[in-house]
Amino acid sequence: MQLDARLYTFTAWCDYVEDHNAADLHFDTTVPAQVSLYGDYHPACTRREAFCGTASADLTPYQEAQDTQDATAQYAPVHHQHIGLKRPQAKFTLLSTDTEEFLHLIQTRGYGGATARVAATAASG
């Protein structure tokens, strides 16, 4: 890939696809900053594992080479950029010691169709 000499932020997304077909199976990656899941979430589906990462690169030191390069030249400066990938999702196992009490509340107070939502915040450092 030939790039102009300037500042870049690279974004990488890695997930499962079918052999010889790069079409998205489990995630809509049309807009890299807003990846979303196709269909319902199934926690035991390991084929929905995914990884993502970003890295910045300053290619401005290559400006002089870009300015002086002959249009027919075969040589161009090469820059290798490492992008560390992490899981953008977490796996949780929730254990309950009050299942009987919870079921009793649902039955007696009419909480039919109750759902639980869990939010987690990861701190770096």
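Visitor: In which loop is the place of Thr 60?

Guide: In this predicted model, Thr 60 lies in the loop between β4 (50-58) and α1 (63-68).

Visitor: What pattern does the protein chain follow along the sequence?

Guide: Read along the sequence, the pattern is β-β-β-β-α-α, made up of 4 strands and 2 helices.

Visitor: Is Thr 60 buried, partly exposed or exposed?

Guide: A residue counts as buried under 20% relative accessible area and as exposed over 50%, with partly exposed in between. Thr 60 has a relative accessible area of 37%, and is therefore partly exposed. As for the protein chain, 10% of its 125 residues count as buried. Its accessible surface comes to about 10900 Å², and 52% of this belongs to carbon and sulfur atoms.

Visitor: Leaving aside its neighbours within four places in sequence, which residues is Thr 60 in contact with?

Guide: Contact is a matter of heavy atoms within 4.5 Å. With those sequence neighbours left aside, Thr 60 contacts Ala 5, Arg 6 and Leu 7. Arg 6 is 54 residues from Thr 60 along the chain, yet a separation of 4.6 Å lies between their C-alpha atoms.

Visitor: How many of the contacts in the protein chain with a separation of 6 or more come from residues 24 or more positions apart?

Guide: Such residues account for 63% of those contacts in the protein chain.

Visitor: Which side chain does a polar contact join to that of Thr 60?

Guide: The partner is the side chain of Asp 58, and the polar contact between the two side chains is 2.5 Å.

How values were computed: Residues numbered from 1 in each chain as written. Predicted model: local features only at pLDDT ≥ 70, side-chain atom pairs only at ≥ 80, totals over all residues. Heavy atoms only, no water. Buried < 20%, exposed > 50% of the residue type's maximum accessible area, 1.4 Å probe, protein only. Polar contact = N/O pair within 3.5 Å; in protein donor to acceptor, adjacent residues only side chain to side chain. Areas by Shrake-Rupley, 256 points an atom, 1.4 Å probe, with all protein chains shown as cover.
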